[in-house]
Amino acid sequence: MSGKLILVRHGQSEWNKLNLFTGWKDPDLTAQGVEEAKEAGRVLSEKGFKFDIAFTSVLQRAEKTCQMILDGVGQSDLETIHDQALNERNYGDLAGLNKDDAREKWGEEQVHIWRRSYDTPPPGEEGESLRDTGARVWPYFMTDILPRVLRGETVLVAAHGNSLRSLIMVLDRMDKESILKLNLGTGVPIVYELNADSTVKSKEVLGDMSGAH
Ligand SMILES: O=C(O)[C@H](O)COP(=O)(O)O
């Protein structure tokens, strides 16, 4: 029996709109972000998805996206587990800074490395690289999420660009170079069907990620 894992990056947040590094900061969704979350719910509802459980982070942009998706599929009261392990990568001292201002200060290439490299953390003691993020997302995924999918459940995970990239990197067997280029669109569901040995049986992206950056 193959289970399904549906990963969704939250809809646009206030700080996405303002082009600010966000990480563990907790801005709300914008009106556009609310629409994207509702659209994700509509798309999943149209495809007939019913979830057995939902997981999200403890940041409101993901929590609200999760709830709006559940509302959209007619499962508003579904059990939802909120865990810090699914939070966005911690942006350290960059949190709250404008991404263009940072490019002016440190240069395009350095900022790209902080945003997209696998193992270079952003400055500041708390700053996490994608590898650091994966080191807390993966154990949680293995113990709390994956067993349910392998039992045949349909599981929703509403989280963040980089916490989801750290999962996708392993699921899709991507290397350090190819993960650099992967950007997730806000509110675009990615549907994985897993085999019993947790390899990917199928993957479908329900939306357009071409404009994601
Ligand atoms: O934390 C943030 O700023 C965003 O959610 C993701 O940022 P990134 O696109 O720079 O990784």
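Which strands does helix H6 (residues 130-150) lie across? Select H6 and look: strand S1 (4-9), strand S2 (53-56), strand S4 (154-159) and S5. H6 runs at about 150° to S4. Contact here takes two residues whose C-beta atoms, placed from the backbone, lie within 7 Å. Axes are lines fitted to C-alpha atoms, for helices over the stretch in contact, and angles run from 0 to 180 degrees between N-to-C directions.

This is a predicted model: local features need pLDDT of at least 70, side-chain atom pairs count only at pLDDT 80 or more, and totals for chains, interfaces and linings use all residues. Residues are numbered from 1 along each chain as its sequence is written.

**Whole chain**

Zoom out. The protein chain has eight helices and six strands. Both are DSSP runs, numbered from the N terminus: helices are H or I with at least four residues, strands are E with at least two. Along the sequence the pattern reads β-α-α-β-α-β-α-α-α-β-α-α-β-β. The radius of gyration of the protein chain is 16 Å, close to the 17 Å that the globule rule gives for 213 residues, so the chain is as compact as a globular protein of that length. That radius is taken over C-alpha atoms; the rule is 2.2 Å times the number of residues to the power 0.38. The C-alpha trace spans about 50 × 35 × 30 Å along its principal axes.

**The sheet**

Six of them form an open sheet, ordered S3-S2-S4-S1-S5-S6, with mixed pairing. Strands pair if DSSP finds at least two bridges between them. Strand S3 (80-82) and strand S6 (200-205) stand at the edges, each with a single partner strand, so one side of each is left without a neighbour in the sheet. The twist averages 20° from one strand to the next.

Start at S3. Three bridges join S2 to S3, and the two run parallel. Pick Thr56: His82 in S3 stands opposite. Next, go from S2 to S4, a parallel pair joined by four bridges. Ala54 stands opposite Leu156 in S4. Now jump to strand S5 (residues 190-194). Five bridges join S5 to S6, and these run antiparallel. Select Glu193; its bridge partner in S6 is Ser202.

**Helix pairs**

Leu130, Thr133, Gly134, Val137, Trp138 and Phe141 in H6 meet H7 residues including Asn162, Arg165, Leu167 and Val170. Ala, Val, Leu, Ile, Met, Phe, Trp, Tyr, Cys and Pro count as nonpolar, Asp, Glu, Lys and Arg as charged, and the others, Gly among them, as polar.

Now select helix H4 (residues 99-106) and helix H5 (residues 108-116). They pack at about 125°, with axes 7 Å apart. Lys99, Ala102, Arg103 and Trp106 of H4 make the contact with Glu108, Gln110 and Val111 of H5. Those residues divide into three nonpolar, one polar and three charged.

**The ligand**

Last stop. Select Phe21, Thr22, Gly23, Glu88, Tyr91, Arg115, His160, Gly161 and Asn162: these are the residues around the ligand. Each has its C-beta atom, placed from the backbone, within 6 Å of the molecule. The shell divides into two nonpolar, five polar and two charged residues.
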